[in-house]
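Reader: I'm new to reading protein models. Could you walk me through one, feature by feature?

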Amino acid sequence: MSEAAASRGVVAKVGEVQPGRTKKFLMVIDGHEEECFLVNHAGALHAYVNRCCHVPMSLDWVENQFFTEDDQFIQCATHGACYLPDTGECISGPPCGKFLTPVSLRLDGDDIIAEGQPPTAGS
Ligand code: FES
């Protein structure tokens, strides 16, 4: 399995992604393969689809670089929108008030497993 080739399932091992770090992976959501990323913010793990709420573009220009310099926010490289790592809410920039699409995570032993989003009407 390559670094970004997990498709619905184990995306990382516990301890693999340190605080302030991220890891990209692929998974199928609503029948489409989506690039997603795992975030460790202050020891808590979260995952989101790698797509800005402003223009549907990847957040990272530099591969796997999502955090601001101070590791406090996830930042879109295109127009600089900042998102809270814990909730995915945009708190500054063009899509302010919108949320990144979350990916559910669960632990199974040492495995961090991403689970798909339930289909949503109209998406
Ligand atoms: S595309 Fe992300 S802020 Fe514009």
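Reader: What is the mean pLDDT of the protein chain?

Author: pLDDT is the predictor's confidence in each residue, from 0 to 100. Here the mean is 88, and 87% of the residues reach 70 or more. Residues 1-7 fall below 50, and that stretch has 15 contacts beyond near neighbours in sequence (a contact means heavy atoms within 4.5 Å). Residues 118-123 also stay under 50, with 4 contacts beyond four places in sequence. Where pLDDT is low, the predicted coordinates should not be read in detail.

Reader: How many helices and strands does the protein chain have?

Author: Helices (H or I, at least four residues) and strands (E, at least two) are DSSP runs, numbered from the N terminus. This chain has 0 helices and 9 strands.

Reader: And how much of the protein chain is buried?

Author: Buried means under 20% relative accessible area, exposed means over 50%, and partly exposed is in between (1.4 Å probe, protein chains only). Of the 123 residues, 38% are buried.

Reader: Now the charges. How many salt bridges are there?

Author: Side chains of opposite charge can pair when their charged atoms come close. A salt bridge is a side-chain nitrogen of Lys or Arg within 4 Å of a carboxyl oxygen of Asp or Glu. The structure holds 7 of them. One joins D111 and K13, with the closest N and O atoms 2.4 Å apart. That pair links strand 9 (residues 111-115) to strand 1 (residues 10-13), and the two residues are 98 residues apart. D111 is buried at 18% relative accessible area, whereas K13 is partly exposed at 42%.

Reader: Which residues are linked with K24 in a network of salt bridges?

Author: The network links K24, E35, D60 and E63. K24 and E35 meet at 3.2 Å, N to O, tying strand 2 (residues 22-29) to strand 3 (residues 32-41). K24 also meets D60, at 2.9 Å. Because K24 lies in strand 2 and D60 in the loop between strand 4 and strand 5, this pair ties together parts that are 36 residues apart in sequence. K24 is buried, with a relative accessible area of 5%, and D60 is buried at 8%.

Reader: What else does D60 contact?

Author: Leaving aside neighbours within four places in sequence, D60 touches K24, E35, N50, Q65, F66 and A77. Its side chain makes a polar contact of 2.9 Å with that of N50. A polar contact is a pair of N or O atoms within 3.5 Å; within protein, one must be able to donate a hydrogen and the other to accept it, and residues adjacent in sequence count only if both atoms are side-chain atoms.

Reader: Last one: which residues touch the most other members of the largest nonpolar core?

Author: A nonpolar core is a set of buried Ala, Val, Leu, Ile, Met, Phe, Trp, Tyr and Cys residues joined through side-chain atoms within 4.5 Å. In the largest, with 14 residues, they are F37, V39, Y48, L59, I74, Y83 and L100. A second, separate core of 13 residues includes V11, F25, V49 and I112.

Notes:
Residues are numbered from 1 along each chain as its sequence is written. This is a predicted model: local features need pLDDT of at least 70, side-chain atom pairs count only at pLDDT 80 or more; totals for chains, interfaces and linings use all residues. Side-chain values use heavy atoms; hydrogens and water are left out.
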